[in-house]
Amino acid sequence: MDPSGDLETFRAQARAWLTDAFPPGLAHTSTPAMGGGVAREATDDDAVWRERMAETGWGVPTWPRQYGGGGLSAAEARVLTEEMARLGAANPIGGMGVMMFGPTLLEYGTEAQKARHLPPIARGELRWCQGFSEPGAGSDLAALQTRAEDKGDHWLINGQKIWTSGANLADWCFCLVRTDPTRKHDGISFVLIDMKSPGVETRPIKLISGASPFCETFFTDVKVPKENLVGPLNGGWTIAKRLLQHERSGLGAAASGAREDPRTRLPNLAKAYLGVDDSGRVADADLRLRIIDFEMEARAFKLTIARAAAEERGRNRGPSPTASIMKQVGSFLRRNGAELTAEIMGVQGLGWEGDDFSAEELAATRNLFASKAGGIAGGSQEVQWNIIAKRILGLPDTTPKA
């Protein structure tokens, strides 16, 4: 498509195209996930939908067309999101390449790097993983010890990463490595590693939710071409901070429920499981008030996400430290929503397996467990509070000095 004219014209064009292109059987379904648990298997409809979105570039609507994007304005992208939500359509092209790495490479990559890596991401052809955390470098990420030695025509990588989401299924890894052991933050570089390279090993970590979306990742004498260094040597910390802003912004937006199934909204769920009073309201008055409170917070959060995104695009910049606020609130909402869902379902919301539980009930149990990780994923709550205090509120650093 070649959108033109005002926003309402574009809305009509997008609505017509989506109505024709989107397989109705995928309405209000999740996208096939990379982890275990109860994630559904990909279908022929998934493949068709991904190919159609890739052809338009609308999987990454604001990326330049030369890199496979849709070339849409921020306002057009917002309209597209609204029209997809109206149909219950999920974006079939996602993952870390879209949410974190792609936007970062657009800002810091060379023309050759962008031309090589962005189009496959825009088409949904490659999976990326994030090599940041290490056993001894979690919240203090800059303490990382994975080494990259300069061997003339390549880097030699040795070390270990942990909590590497989807590493066992990923094609590529964007990775932080130490290139100067004499400096902490200023001795880190950002490199791209082909996960098929000799010396790369992944070991999935099974979680309490039953899924295994995380891995331990080991690099043993892994050769990385020199052209896979992104940004300047020892300049990786600046790039990493920017990428983490994109990650936190994406995590917050994901919790805003832009494409939720009406059947699983808490008011409808409560009516189905607990019944209604004579006025057609949720029968449990106390629960009803807590659901109202949650729905108000969720709606306000969704509007705040949209407003913040519009302001950032209007200033022609990406995520700011306010992404930490969005990440915090989003993780709280996801946890609270999962706990309310379990309370509404009662014993049916605590099933692990068996024919006595529906697929939705089994998914609710796993989501309850998975929601607890929201306070850690993308940077712990304590790290986010520090970012908010220092970079937004301007409070002094009172951390004890060694």
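These entries record what I looked up in a predicted model of one protein chain.

**Conventions.** I number residues from 1 along each chain as its sequence is written, and I take side-chain values from heavy atoms, with hydrogens and water left out. Local features need pLDDT of at least 70 and side-chain atom pairs count only at pLDDT 80 or more, whereas totals for chains, interfaces and linings use all residues.

**Confidence.** I read pLDDT as the predictor's confidence in each residue, from 0 to 100. The chain has a mean pLDDT of 87, and 87% of its residues reach 70 or more. I noted that pLDDT stays under 50 over residues 34-38, where the model has twelve contacts (heavy atoms within 4.5 Å) beyond four places in sequence. Residues 255-259 also stay under 50, with 14 such contacts.

**Fold.** I found eleven helices and eight strands, taken as DSSP runs (helices H or I, at least four residues; strands E, at least two) numbered from the N terminus. Of the contacts with a separation of 6 or more, 68% join residues 24 or more positions apart.

**Burial.** Of the 402 residues, 43% are buried, meaning under 20% relative accessible area (1.4 Å probe, protein chains only).

**Cysteines.** I looked for disulfides (cysteine sulfur atoms within 2.5 Å) and found zero. Cysteine 173 is in none; its nearest cysteine sulfur, that of cysteine 129, is 3.8 Å away. Cysteine 173 counts as buried because its relative accessibility is 1%, and cysteine 175 counts as buried at 0%.

How values were computed:
Buried means under 20% relative accessible area, exposed over 50%, partly exposed in between (1.4 Å probe, protein chains only).
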